[in-house]
Each structure stands twice: as C-alpha cells, then as structure tokens.
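Below is a briefing on a structure, covering its interface, a sheet and its salt bridges.

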Amino acid sequence: MSRIGAFEELVLLAALGLDGSGYGVSIRDELEAETGETISLGAVYATLDRLERKGLVRSTIGLATAERGGRRKRIYRVSAAGAASLRAMQRIRTQLGAPAPVRT
Amino acid sequence: MPDALSLVAWVVDPDRREEVLGDLCELRARESVTAFWGDVLGVCLRAPRLRRWAGTAAALLLLGVAVMARDPRHRIVTARDAAGAFVLEFDGLRVVRATLDGAPVPAERLVQENGRVVIRGGAGNAGDLNIRLRPDGSFYWRSRAPQTLPTP
C-alpha cells in the first residue's frame, strides 16, 4: 500500500466523492466546499499527478465543451489501489482514535 | 498585461496543456480577476517544467557564488627564513596585508611599488624586508639574519 499524505488523502476523497467525473476544477471546488479554505489549483494538479504516478488514480480525457474554449478535461477516477489506501488510512485513524483498553 | 492563458501555455508541460488551459478558461468566466490570476500563478509555480528551470537556474547561481567565493586571485602565503615566518595576503599581484612574526604589519609599513613589496623595518637591525614579486605570482627575498636574543 502506498503511503499517502494528508492533502493527498483529501484529494483522493474528493475524487472519490465525484464518482469518476472529477477534474482539476471540480476537485478543487469540492475541497474548498468541504474544508472552507482556499485551495491552490496548482497544488491540486501537482497532487493529482503524484497520485497518478503512485497508481492511486487513473485519468482519461473527456469531451470538449464550449465554456472551456473547446478544450477537453482530464477526468480522474480513484483506482482500486487508491481506494485501498483510503480504507487503510481510515482503519489507522479508527485504531488510533479508539480508547485504550483498561488493564485490571 | 500579458494574456494569462498564453503564459500558462508556455509554462505547463505540453501533454497537460489542454486540460489546464480548459480549466482556467472555465475559471476565468466565474472568478474575480484577483482570484483568477492567483490560480494562474499557482499553476505556473507548480508546473514541473518551471520547477526544472528554476532548479537549473538555482544550480547555476550556486555555482557562480561558489566560484566567486573561491576567488583564485585571493591567496595567503606563508614564507620562512632564518629570522622566522612572515605571511603575505595577496589580491592578484597586490599584497593587501602582511604578518611578521605573528604580528600584523601596520599599513604604513607596507609599501608596494613596481613588482616590489617593502615591509619597513621588517628585517630588524638590517632595515627593510624587500620582497620581489614575479609576474606569475611567486616572490623571492634576501633571507633575514637569525634573530638574536638580548643577553641579560
């Protein structure tokens, strides 16, 4: 399992939430909406590139639209390895957050 | 004012250009000018291509600084003769400082003229210490007499 950083995890979760239709702008929008913070588009691109190199997301080229000046989107989908990484992170969080067993 | 999309097109990797320009085109229609330029700058600064250029520029700058810091024109030479050691600090062919028997020579006692350096009173009772400089940076001098300790 690839180790992922906090921001990588957030980007993965945003991409997962967009259910295979996420691209740079929509993933950034999702992150800003959920965190309430301003997120750099450059940081999102850099993270998506890194996640793709790690095999945690896969990208495909979508259709061109008029509002994008006839340019196509790069659509990101969380891979099986990416989903496994997210589950692993969730499990670690749950274990760390669980109250310690009381010794008698 | 430069066109933002041209700037981004120039900076981002060609294989990512279409989607990045498309995203920015979409954002330009809905964001304030400030927010849009913030995104443009963010994308440019994070572009691997620009980072590679910045890395190369930084390496060249460091190399330049290292070369300047290690100025071959600046050198310190320690010389010895029968009377002891003296140190000459050169900047090119010019002696900028001297130390005689461990003590700095005052500037007024250090005279340089036409390939010759004179340390006034540098040879003890014999008078001045005359040092001849060669164009290649080497130098020679008449050995000073050994110092004699005063008898009690």
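**Interface, sheet and salt bridges**

The side chains of A:Glu52 and B:Arg16 form a salt bridge, with 3.3 Å from N to O; a salt bridge here is a side-chain nitrogen of Lys or Arg within 4 Å of a carboxyl oxygen of Asp or Glu. The model is predicted, so local features need pLDDT of at least 70 and side-chain atom pairs count only at pLDDT 80 or more, while totals for chains, interfaces and linings use all residues. Residues are numbered from 1 along each chain as its sequence is written, chains are lettered from A in the order in which they are written, and side-chain values use heavy atoms, with hydrogens and water left out.

**Interface of chain B and chain A**

- Chain A brings 23 residues to the contact and chain B brings 19, where contact means heavy atoms within 4.5 Å.
- About 1,700 Å² is buried between the two chains, and carbon and sulfur atoms give 45% of that area; buried area is the accessible area (1.4 Å probe) that two parts lose on being put together, summed over both.
- Nine salt bridges are found across the interface of chain B and chain A.
- The interface also has 14 residue pairs in polar contact, both residues at pLDDT 80 or more. A polar contact is a pair of N or O atoms within 3.5 Å; within protein, one must be able to donate a hydrogen and the other to accept it, and residues adjacent in sequence count only if both atoms are side-chain atoms.
- On the side of chain B that touches chain A, α2 (17–28) and α3 (33–46) of chain B each supply at least two residues. Helices (H or I, at least four residues) and strands (E, at least two) are DSSP runs, numbered from the N terminus.
- The largest share of that side, 10 residues, comes from α2(B).

**Sheet in chain B**

- Four strands of chain B form an open sheet in the order β5-β6-β7-β8, with antiparallel pairing; two strands pair if DSSP finds at least two bridges between them.
- β5 (110–113) and β8 (139–141) of chain B are at the edges with a single partner strand each, so one side of each has no neighbour in the sheet.
- β5(B) and β6 (residues 116–119) of chain B run antiparallel and are joined by four bridges.
- B:Leu110 lies opposite B:Ile119 in β6(B).

**Salt bridges over all chains**

- Over all chains, the structure holds 20 salt bridges.
- One of them joins the side chains of A:Glu32 and A:Arg28, at 3.9 Å from N to O.
- A:Glu32 and A:Arg28 are separated by about one helical turn, because they are four residues apart in helix α2 (residues 24–35) of chain A.
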